Amino acid sequence: MPNRVLIADDDRAIRESLERALELEGYDVVTAVDGVEALTRARRDSFSALVVDVMMPHVDGVGVCRVLRADGDRTPVLMLTARAGTPDRIAGLDAGADDYLPKPFAVPELLARLRALLRRAAQAPDATDAAAADKPGAELRMASLRIDPAGRRALWGEAELVLSKTEFDLLELLVRNEGIVLDHATVYGAVWGSALTVDAKNLAGYVGYLRRKLGDAGAPQLIHTVRGVGYAVRRP
């Protein structure tokens, strides 16, 4: 069965060009002209991934993503926007988007990012088979942090963290390598699973969201930045 993708963009030219490009790659494509239609279709049908523009009438892309995540929908979301500033990037990712691509973009890059999202989504149920060589599926613990790779759940004490797929994958990677400084390229390759050029701002954004969500749950600083190198988690 072909992967089914929802494209939501109020720009007709972009919507139709992406529809053609994805169909040529073998995807089953459904389109929406605004956020309201995107939510209606996403709630009614099942999709492998969503490609959502930020600036849409009625309900914007950030709102679409936030509502779906609140519904418990974990379908991978690739967010598009002409607003490439850091605050806008943060807003989209903080709403639960899994990746972020500023306009104008090259269609081959969008296709590559979409393939990476779909690979990670397909591997998610068996993530521990590849990642935990000693005890597949074993719960990870660090201080009061508990990560259940099989159930895709993370908790600090009794507080469950609401994480997107990308946030969960990043946290799991860092905790599995507790005390080890992972460079940007290693983290990007392991989490995004692609050969795309490392986007340090994108990665820093996700680290920021994890720190915020951990802090909101009562955790002290666990994720440390090693300037010019990468990131590491250390016990408080």
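Q: Start with H58. Is H58 buried or exposed?
A: H58 counts as exposed, because its relative accessibility is 69%. Buried means under 20% relative accessible area, exposed over 50%, and partly exposed in between, with a 1.4 Å probe and protein chains only.

Q: What should I know about the model before we go on?
A: This is a predicted model, where local features need pLDDT of at least 70 and side-chain atom pairs need 80 or more, while totals for chains, interfaces and linings use all residues. Residues are numbered from 1 along each chain as written, and side-chain values use heavy atoms, with hydrogens and water left out.

Q: Back to H58. Where is H58 found?
A: H58 sits in the loop between β3 and α3. Those labels come from DSSP runs, numbered from the N terminus: helices are H or I with at least four residues, strands are E with at least two. H58 also has a positive phi of about 70°, although it is not a glycine.

Q: Which other non-glycine has a positive phi, of about 55°?
A: That's R152. R152 lies in the loop between β7 (145-148) and β8. At 23% relative accessibility, R152 counts as partly exposed.

Q: And M56: buried or exposed?
A: M56 is buried, at 8% relative accessibility. M56 lies in the loop between β3 and α3. Its C-alpha is 8.7 Å from that of D11, and the two residues are 45 apart along the chain.

Q: D11, okay. What does D11 do at α1?
A: D11 caps the N-terminal end of α1. A side-chain oxygen of D11 lies 3.0 Å from the backbone nitrogen of A13.

Q: Which residues of α1 are buried?
A: I14, R15, L18, A21 and L22. They cover an arc of only 135° around the axis, so they sit on the same side of α1. The arc is that of the directions from the helix axis to the C-beta atoms.

Q: What's on the face turned away from that side?
A: That face of α1 carries the exposed residues R12, A13, R20 and L24.

Q: What follows α1?
A: G26 does, with a positive phi near 95°. G26 is also 9.8 Å from M1, C-alpha to C-alpha, though they are 25 residues apart in sequence. M1 is found in the segment before β1 (4-8). At 99% relative accessibility, M1 counts as exposed.

Q: New topic: α3. How many of its residues are buried?
A: Seven of 10, so helix α3 (residues 61-70) is mostly covered. The buried ones are G61, V62, G63, V64, C65, L68 and R69.

Q: What happens at the start of α3?
A: A side-chain oxygen of D60 reaches to within 3.3 Å of the backbone nitrogen of V62. After the helix comes G72, with a positive phi near 90°.

Q: How far is V64 from V36?
A: They are 7.9 Å apart in space, C-alpha to C-alpha, and 28 residues apart in sequence. V36 is in helix α2 (residues 35-44). V36 counts as partly exposed, at 40% relative accessibility.

Q: What does the side chain of D53 contact?
A: It makes a polar contact with the side chain of K103, at 3.1 Å. A polar contact is a pair of N or O atoms within 3.5 Å; within protein, one must be able to donate a hydrogen and the other to accept it, and residues adjacent in sequence count only if both atoms are side-chain atoms. D53 is in strand β3 (residues 49-53). At 3% relative accessibility, D53 is buried.

Q: Which peptide bond is cis?
A: The one from K103 to P104, with omega near -5°. P104 is in the loop between β5 (99-102) and α5 (107-123).
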